[in-house]
Structure formats: C-alpha cells, structure tokens
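Here is a short briefing to read alongside the model.

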Amino acid sequence: MKALLLLAALLISAPAHAQFNFNLNRILDAAKNVGQATGEIDEKQEIQIGRDLGARLLGAAPLVADARVQRYVNHVGRWLAAQTERPDLPWQFGVLDAPQVNAFAVPGGTIFVTRGLLERMRSESELAGVLAHEIAHVLQKHHLRAMQKNAKASLAGEALSMALQDQNSLVRDKLISFGTELYARGLDKSDELEADRLGVVIAARGGYDPYGLPTVLQVLQRMNPDDSGLALMFKTHPAPGERLDALGKMEAVLEGYSAQPRLEERFASETKGAK
Ligand SMILES: [Zn+2]
C-alpha cells in the first residue's frame, strides 16, 4: 500500500508529441460501448477492488528504487491513458524489481511492468505498446468481469453490489482471492488478443510507432521458452507467434502510423537507473 501511495505521489506532465487521429478514435469508440455494459460494479468499487488487489500483488515484489524510471514510466503511461475514454481513472504505473518478464494491470488503472521486461525493450514505443496493452485490459474491465462472473456464480447480481459496499464482507474477500488467483491463471485468450488490438491503436493515438508491441512480442518469441523468467507470462498469455499473427491482420492500419517516433535514445537515458 505504501508503494502505491508513493506511486500516486509521483506527479507528471504530458509530453510534447501530441498527435490525434480520428480513424483511431472511431476504433476505440466502438470498443467503449462494450465497456459500458458491465453493470453492477460501479467505478468507485472498481477502483477499491483494484487497490486491494494491487496491494496484494505488490507484496510479491517491491518497486525498483529509482525515482527517475518510475516517473518516466508513469509519464508515458498517463500520457497514453489520457488518450482513452477513461482518462479520469487514478492511473498509476510502476516498475517492479523482479527479473521475470511480465506486465499486468489491476482494475481501476494500476499497471506494473517488471524490470525483467523493461530490460528487454529498446525504445519508448515498445514500452508504450506494452503499457497500452495493459491499459486496454483496464478499459475493457477484463479482470473485473472475470471476477464478477466468478462471484455471480455464488451470488445474485444485486446481492453482489450490496456485499461489495461492506469492506469486511466475506464476498469481498472471496472476490479479491479469486482476483489474485486470476493473475496466476490468466484471462481468456480473446481478452488478450483484444488488448493487443486496442493496445496498438492506443499507442498510435499517443503518437508512437504502433509496432512497439509487435517488436516486444518478437523479442519474447526469440527467447528460450524454457527460461523460467518467462513461465508466468507464457502461462497467462497466448504464445507470441499467435499474438503476432492476430496483429498481422491490422497491418494495413498500422502501416499508416509506422513513421511515428520510437524514441530509442530517450528510453535508454530514462531507464538506465533500472538496469
Ligand atoms: Zn494481457
């Protein structure tokens, strides 16, 4: 919890390379309508559930003790989140001091990337691609919906909402426990592929070369699949090759934005403290 508060205290301002495109906006708007259909868990509850979950997951690894890299990742993440239909969530981004290769999001807008994954990136557009994939999970409430579905199996809809208002209820505890498990088990494959599709759009909308995420997927694909640092990522996500194939269908859209900046040098100087 202390680490989350620390993250919240890292103030940022938006970078100067703002670029908007209305075709991309339309793609995101279409996705937004799906996001509004969740129902019983309201935004305040979503944020609170995310805080509880984030505190639990943070127990597993501390944040990298380098204020510059934390500020930088927050800066890039909040810039991307500001381009989406949920700009007002309490977005916060952090780098976990773990050698494994992973990234994850909790409901309400808290997103972590591991030092192990950051070390394998070469540009800000790659970082943006990974963060945008996680932002898409939050926008589409993928984890929240999976948790809600699980809770509904044992409780009718309205009772769930009431039970969540009680901080100490057993239902709430069960929901958080299942949520914690979810990060070890993974989301549905369709949610992951959707996060990839929206992620490249969000990165492009933020003014980045949208091939950042595919580039990271290629790096993962080239790594030894038996590498223990990849185990959780590979268990919780479809194989990189399958994700790349799916993104390949968007090539015609992405190609139009591929001249946008990758920002390799800025990435190298801002992240050197984390290596
Ligand atoms: Zn994902």
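This is a predicted model: local features need pLDDT of at least 70, side-chain atom pairs count only at pLDDT 80 or more; totals for chains, interfaces and linings use all residues.

Residues are numbered from 1 along each chain as its sequence is written, and side-chain values use heavy atoms, with hydrogens and water left out.

**Overall makeup**

- The chain's secondary structure comes to 15 helices and three strands; helices (H or I, at least four residues) and strands (E, at least two) are DSSP runs, numbered from the N terminus.
- The chain has 275 residues, and 55% of them count as buried, where buried means under 20% relative accessible area, exposed over 50% and partly exposed in between (1.4 Å probe, protein chains only).
- Taking contacts between residues at least 6 apart in sequence, 78% join residues at least 24 apart; contact means heavy atoms within 4.5 Å.

- Two packed helices are described by the angle between their axes and the distance between the axes. Axes here are lines fitted to C-alpha atoms, for helices over the stretch in contact, and angles run from 0 to 180 degrees between N-to-C directions.
- The axes of α4 and α6 come within 10 Å and cross at roughly 60 degrees. That makes α4 oblique to α6; angles under 35 degrees count as roughly parallel, over 145 as roughly antiparallel, 65 to 115 as roughly perpendicular and the rest as oblique.
- The crossing of α4 and α6 is right-handed: a crossing is right-handed if the near helix is turned clockwise from the far one by less than a right angle, and left-handed if anticlockwise.
- On the α4 side, Y72, V73, V76, G77, L80 and A81 meet E124, L127, A128, L131, A132 and I135 of α6. By class, this contact of α4 with α6 has 10 nonpolar residues, one polar and one charged. Ala, Val, Leu, Ile, Met, Phe, Trp, Tyr, Cys and Pro count as nonpolar, Asp, Glu, Lys and Arg as charged, and the others, Gly among them, as polar.
- With α15, the axis of α4 (residues 67-81) comes within 8 Å and crosses at roughly 140 degrees, which makes α4 oblique to α15.
- R68, V69 and Y72 in α4 meet R266, F267, S269, E270 and T271 in α15. The residues of the contact of α4 with α15 split into three nonpolar, two polar and three charged.

**A residue in α6**

- L127 sits in helix α6 and, at 0% relative accessibility, counts as buried.
- Leaving out residues up to four places away in sequence, L127 touches Y72, V73, V76, L118, M121 and F267.
- L127 and G212 are 85 residues apart along the chain, with their C-alpha atoms separated by 7.1 Å.

**Helix α13 and its partners**

- Helix α10 (residues 189-205) and helix α13 (residues 240-248) have axes that come within 10 Å and cross at roughly 50 degrees. That makes α10 oblique to α13, and the crossing of α10 and α13 is right-handed.
- K189, L193, D196, R197 and V200 of α10 meet E242, R243, A246 and L247 of α13. The contact of α10 with α13 has four nonpolar, no polar and five charged residues.
- P240, G241, R243, L244 and L247 are the buried residues of α13. Seen down the axis of α13, they fall within an arc of 160 degrees, so they line one face of the helix; the arc is that of the directions from the helix axis to the C-beta atoms.
- These buried residues of α13 pack against α6 (124-139), α10, α11 (212-222), α12 (231-236) and α14 (251-255).

**Positive phi in loops**

- Most residues other than glycine have a negative phi.
- K141, in the loop between α6 and α7 (142-152), has a positive phi near 55 degrees, and K141 is buried, with a relative accessible area of 13%.
- L263 also has a positive phi, of about 55 degrees. L263 lies in the loop between α14 and α15 (264-271) and counts as partly exposed at 25% relative accessibility.

**A residue in α3**

- D52 lies in helix α3 (residues 43-58) and is partly exposed, with a relative accessible area of 23%.
- Not counting residues up to four places away in sequence, D52 touches R172 and I176.
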